[in-house]
Amino acid sequence: MVSQIIFAIALLITLSIFAFTTWRYVRLFMLTQPAFRVRNFGKRFGLMMKVAIGQTKMFRRPILGLIHALVFWGFLVILIGSIEMVIDGLAGLERSLSVLGWFYNFIIASGDVFAIIIVVAIAIFLSRRLFMHVKRFEGIEMKRISHVDANVALTIILLLMISLLGLNASYVAYQTATNGTIHGYFPIGNYLAGLFGNMSLAVIHTHHQVYWWSHILLIFVFANLLPYSKHFHVFMSVPNVFLSRLEPLGKLPNMENVTREVKIMMNPETAYAAAPANAPIERFGVRDAEDASWKSYLDSLSCTECGRCTSVCPANITGKKLSPRKVMMDLRARMKEKRNGLIAQGKEYSDGKSLLRDYISEEELWACTTCNACAQECPINIDHPKLIVDMRRYLVMEEGSAPGELKAVFSNIENNGAPWQYSPEDRLIWAENLEMNKV
Amino acid sequence: METVKIEIPVMADLFARGEKPEYLFWVGCAGAYDDRYKKVAGAFAKILTHLKVSFAVLGKEETCTGDPARRAGNEMLYQMQAFQNIEIFKMYEVEKIITICPHCYNIFKNEYPDLGGHYEVISYVEFLDKQIANGKLKLNLSKFANDRITYHDPCYLGRANGIYDDPRRVLRALTTNLIEMDRNRSFALCCGAGGGQMFKEAEKGEKEVFIERTEDALKINPQIIATSCPFCMTMMTDGIKYKNKEEEIKNYDIAELVALSLGL
């Protein structure tokens with residue numbers, strides 16, 4: 001009974017902190033801009049199953065993709081075991097989901113095997129980060145905190161798996177020693193149970209208790225650390241894929257507020273009329289974090305800084321300052337910097353800084369070729385070019401600022417309908433004296 | 001060989017005679033003004049003429065789609081161009097548009113619908129592929145049969161719209177020696193000219209993107225780099241020049257290769 005009460009208190013604390021965190025994120029999301037209406041749930045579900053659950057885009061790099069996929073699939077299976085632990089902890093039961101029969105055995109056996117696979121995978125990931133010089137993990141945006149963040153999360157996952165393996169092994173050892181029924185199959189646990197061979201029953205029991213509590217408490221701690229680290233990825237990536245923009249990568253979303261203005265301008269009767277007095281002042285494009293759409297903000301929270309985007313960016317490859325990963329990390333960092341003020345005072349809040357220039361420079365924004373290699377590469381469908389173009393929109397339409405050559409392109413298009421300074425009269429020169437062989 | 005002069009039908013003239021073509025051939029600014037791409041416009045017009053396709057161009061009434069403005073952040077200018085074009089298309093009752101520029105293709109196909117412009121938009125690459133498949137275009141295999149040809153995917157056909165197979169099928173109808181760069185299809189590296197870069201100096205860096213991409217091609221030692229975008233053509237041709245490989249490597253557009261193979 002005492003342990004049930006302790007467990008309930010621990011769970012309550014965990015859920016309260018989590019609810020508080022969630023509430024704050026919801027407040028921030030409410031300040032962001034509209035992106036698109038979420039429809040086509042069937043299509044979205046299919047996409048989620050393929051890209052998120054099936055990890056298809058991870059396999060663009062087959063070896064590491066497979067290792068990550070194994071960790072992810074393992075997580076999904078082990079999650080069921082964690083739910084069981086919560087039920088057991090609250091109800092004072094043991095292995096309560098064993099009522100599920102063969103399905104339970106299957107899930108527990110898979111989780112047991114996945115635990116050891118994940119240990120190996122995390123060891124590989126950690127050694128890549130600690131001992132190998134992986135170019136993808138470097139870059140101007142990768143500060144010390146990014147590396148610490150990654151290593152802490154990997155270490156916690158490693159501890160989670162070790163405690164799970166210990167839990168399974170001590171369970172098998174205890175049940176065997178007491179001739180109790182073993183619920184579930186433990187291919188690895190059976191093997192590791194041998195380690196408890198010459199221990200007394202009381203010691204095995206203590207081991208089991210220690211593993212059980214450390215595993216579940218680590219989960220509680222981890223769950224509340226994640227939203228404050230780049231590993232928020234663990235929660236956000238599946239929803240981010242589900243909420244992907246479903247249109248072709250080449251399509252930029254239309255700016256309805258510009259359409260309204262253009263229609264007014266093109267209509268001679270309204271072109272010179274005064275704007276209605278109560279019309280809200282709108283900002284074109286993105287200058288600061290709250291100008292970004294909810295989708296861009298979700299993108300930034302889902303990013304785990306893997307750097308696949310930056311590693312395929314033509315600008316970055318050729319030594320320009322632009323790094324699509326940095327753009328996402330900057331949006332997230334800027335919102336974090338501003339969040340207390342934003343939550344307290346809403347959009348009126350200003351700290352005299354902005355995402356544009358204080359975080360992302362014009363030089364970075366103008367280096368993008370909108371080739372979409374970053375968006376194509378991102379395993380969880382983050383759309384970097386969308387945010388980059390939104391920031392260009394602010395520069396051009398609100399500040400009239402752009403590289404001189406592009407300003408010339410704008411005035412050429414306006415004056416003679418082409419990016420170059422040629423007359424429309426010359427548009428058919430190519431067709432003059434065109435001859436063809438008779439075949 | 002005997003040659004015939006081609007008259008390119010202009011929409012306004014056809015309408016004055018009460019005729020309406022099946023396709024609008026959208027030439028694009030590069031096809032109209034870029035000396036190298038004018039030849040591609042010519043080559044594709046020859047193919048259309050050869051196929052006796054009912055088509056017309058807008059000629060002097062054509063104007064920028066707004067793509068470079070839009071990608072450079074000038075949504076206002078883009079939408080003004082778009083509404084202007086949509087009006088012209090409405091006037092000529094345009095239903096099908098063939099483009100020889102992936103940027104024009106993308107904007108008509110994906111972005112004009114948001115402003116009320118709905119058309120069947122066809123990339124010339126898709127068109128050529130269909131005409132070869134249905135037997136209407138009979139290519140002469142002897143022309144390029146043994147040439148090592150590589151294809152550089154333009155971002156706005158490839159990643160932007162998923163058109164990877166059509167151009168490759170066209171090239172396979174020309175040569176038995178289609179070779180791939182390491183980065184190809186959705187992994188292809190941009191030529192460096194998209195998103196308004198065509199018209200400006202690149203930002204400070206260690207290298208130009210078009211050189212990096214040209215090096216991808218040089219690694220596999222092709223005789224022909226096939227492109228299907230005016231900006232890519234400018235970039236790849238520059239890259240070949242920069243590397244002093246003009247003798248060994250030629251840069252042709254897919255439409256030119258098809259026209260040459262047909263002996264047009």
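Predicted model: local features only at pLDDT ≥ 70, side-chain atom pairs only at ≥ 80, totals over all residues.
Modeller: In chain B, Pro167(B), Val170(B) and Leu171(B) of helix H8(B) meet Ile254(B), Leu257(B) and Val258(B) of helix H11(B). The residues of this contact divide into six nonpolar, no polar and no charged.

Biologist: At what angle do H8(B) and H11(B) pack?

Modeller: The angle is about 25°, and the axes lie 10 Å apart. Angles under 35 degrees count as roughly parallel, so H8(B) is roughly parallel to H11(B). Their crossing is left-handed.

Biologist: Thanks! Now, how many of the eleven residues of helix H9 of chain B are buried?

Modeller: Eight of them are, so H9(B), residues 209-219, is largely enclosed by the rest of the structure. Among the buried ones are Phe210(B), Ile211(B), Glu212(B) and Arg213(B).

Biologist: What do the buried residues of H9(B) pack against?

Modeller: They pack against helix H12 (314-317) of chain A, along with strand E8 and helix H10 of chain B. After H9(B) comes Asn221(B), with a positive phi near 55°.

Biologist: How should I read a positive phi?

Modeller: Most residues other than glycine have a negative phi. Here, Asn372(A) has a positive one, near 70°, and Asn244(B) has one near 55°.

Biologist: Where is Asn372(A) found, and is Asn372(A) buried or exposed?

Modeller: Asn372(A) sits in the loop between helices H15 and H16 of chain A. Its relative accessibility is 5%, so Asn372(A) counts as buried.

Biologist: And where is Asn244(B) found?

Modeller: Asn244(B) lies in the loop between H10 and strand E9 of chain B. At 62% relative accessibility, Asn244(B) counts as exposed.

Conventions. Residues numbered from 1 in each chain as written. Chains lettered and ligands numbered in written order. Heavy atoms only, no water. Buried < 20%, exposed > 50% of the residue type's maximum accessible area, 1.4 Å probe, protein only. Helix = DSSP H or I, 4+ residues; strand = E, 2+ residues; numbered from the N terminus. Contact = heavy atoms within 4.5 Å. Axes fitted to C-alpha atoms, helices over the stretch in contact; angles between N-to-C directions. Parallel < 35°, antiparallel > 145°, perpendicular 65-115°, else oblique. Left-handed = near helix turned anticlockwise from the far one by under 90°. Nonpolar A, V, L, I, M, F, W, Y, C, P; charged D, E, K, R; others polar.
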